[in-house]
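Trainee: I would like a close look at a single part of this model. Please take me through it slowly.

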Amino acid sequence: MAFQNPKHSHNFTQFDLFILNEDEKKITEKPFAGMSNASDFIILKEDHTIGNLVSEHLKQHPHVMMAGYKVAHPNVPEVMIRLQTDGTMTPREVFIEVCKQLVATLAQFGRDFTREYELRRMVRAGDQDNGVSGGRP
């Protein structure tokens, strides 16, 4: 299936929506001239999922005055996050810190999920060995 990219007027495959080309950077920072201590972070090949997740976590940071995101068009796979800090930390420093915290949190979630899944699998296997019939998730 081919899609039309309105910015570049060429067709691309659905894989082009999430795989970076060699010449593309995942994240680009552009200082925002209209506000002090503000930058726009353009994240390629992402959508509302990352925009909402990152901007909501940025809002919880103590040095963030404002954070929000937008997706310019559903057919353009990029999200823009605008971030303004109080000047104690730069937008880039806060962005990196929050992203590192998110990666650590998601990794812990993955470990917790896997542990719970394995425990339930062992319980089911034990029940089957003891002749107990189902009903458990």
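Trainee: In which loop is K45 found?

Mentor: K45 is found in the loop between β4 and α1 (48–59). First, the ground rules. This is a predicted model, where local features need pLDDT of at least 70, side-chain atom pairs count only at pLDDT 80 or more, and totals for chains, interfaces and linings use all residues. Residues are numbered from 1 along each chain as its sequence is written, and side-chain values use heavy atoms, with hydrogens and water left out. Helices (H or I, at least four residues) and strands (E, at least two) are DSSP runs, numbered from the N terminus.

Now the backbone. K45 has a positive phi, near 60°, and is not a glycine. Most residues other than glycine have a negative phi. K45 counts as buried, at 10% relative accessibility. Buried means under 20% relative accessible area, exposed over 50%, partly exposed in between (1.4 Å probe, protein chains only).

β4 (38–44) belongs to an open sheet of four strands, in the order β3-β4-β6-β5, with antiparallel pairing. Two strands pair if DSSP finds at least two bridges between them. The edge strands are β3 and β5 (64–70), each pairing on one side only. From one strand to the next, the twist averages 20°. α1 lies across β4, β5 and β6, and runs at about 175° to β5. Axes are lines fitted to C-alpha atoms, for helices over the stretch in contact (heavy atoms within 4.5 Å). Angles run from 0 to 180 degrees between N-to-C directions.
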